[in-house]
Amino acid sequence: MTDTNDRSASVFVHPTADVEPGAEVGDGTKVWHLAHIRSSAHVGAGCVIGRNVYVDAHVTVGDRVKIQNNVSVYQGVTIEDEVFVGPCAVFTNDFRPRAQNPDWTITPTMVRRGASIGANATLVCGIEVGEYAMIAAGSVVTKDVKPYQLVAGNPARPKGWVDEKGEVVSRDVDNPPHQG
């Protein structure tokens with residue numbers, strides 16, 4: 001792990017990117033154009049942080065994560081290892097947003113290992129996305145997604161089950177296939 005005050009040669013940060021002092025960026029990670037990683041954020045090893053990605057303070061991003069262009073990962077969001085976040089996906093962290101709210105609290109969101117979030121999907125805060133789950137592009141996720149579950153739509157609804165490679169293995173939404 002490399003602190004931004006002592007960046008190793010194995011971390012690539014594009015000259016237009018802003019990695020604040022105190023942010024931790026793992027070896028082999030690439031931070032591309034106009035990305036911004038806040039102080040106290042932790043980005044693991046072997047990640048790709050795309051153009052115009054914002055990683056807020058106190059966010060944890062695991063190892064080998066790919067966050068595509070134009071994604072903001074706000075405080076309260078935790079992304080485990082090997083997660084794919086498609087372009088323009090949206091995370092929220094305020095369940096009742098108001099411009100002025102002195103009682104505002106962060107509502108956490110957890111994205112488990114190996115999950116994939118499609119382009120333009122919106123994840124409403126307070127949910128957990130299970131390991132290797134697949135969220136279709138454009139979905140609005142308002143409820144937890146089970147491990148290996150495929151969801152799609154607005155609001156996102158179960159559409160089947162996928163394997164670790166993302167292949168659909170069943171369209172029976174009520175009975176997940178045996179994993180392993």
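Strands β14 (residues 84–85) and β17 (residues 116–117) of this predicted model pair in the parallel sense over 2 bridges, strands being taken as DSSP runs of E of at least two residues, numbered from the N terminus, and pairing as at least two DSSP bridges between two strands. Within this pair, Val85 has Ile117 of β17 as its bridge partner. Strands of a sheet pair through backbone hydrogen bonds, in either a parallel or an antiparallel manner. Both strands belong to an open sheet of 10 strands with mixed pairing, arranged in the order β2-β5-β8-β11-β14-β17-β20-β22-β23-β24. The edges of this sheet are formed by β2 (12–13) and β24 (168–170), each of which pairs on one side only. The protein chain as a whole contains 24 strands and 0 helices, a helix being a DSSP run of H or I of at least four residues.

Residues are numbered from 1 along each chain as its sequence is written. Because the model is predicted, local features require pLDDT of at least 70 and side-chain atom pairs count only at pLDDT 80 or more, whereas totals for chains, interfaces and linings use all residues; side-chain values use heavy atoms, without hydrogens and water.

The radius of gyration of the protein chain is 16 Å, in agreement with the value near 16 Å for a compact globule of 180 residues; this radius is taken over C-alpha atoms, and the globule rule is 2.2 Å times the number of residues to the power 0.38. Along the principal axes, the C-alpha atoms fill a box of roughly 50 × 40 × 20 Å. Buried residues (under 20% relative accessible area; exposed, over 50%; partly exposed, in between; 1.4 Å probe, protein chains only) make up 38% of the 180 residues. Of the contacts (heavy atoms within 4.5 Å) with a separation of 6 or more, 15% involve residues 24 or more positions apart.

The peptide bond from Asn154 to Pro155 is cis, with omega near -5 degrees, and Pro155 lies in the loop between β22 (149–152) and β23 (157–162). Glu82, in the loop between β13 (77–79) and β14, has a positive phi near 60 degrees and counts as partly exposed because its relative accessibility is 29%. Asn120 occupies the loop between β17 and β18 (122–123); its phi is also positive, at about 65 degrees, and at 49% relative accessible area Asn120 is partly exposed. Most residues other than glycine have a negative phi, and most peptide bonds are trans.
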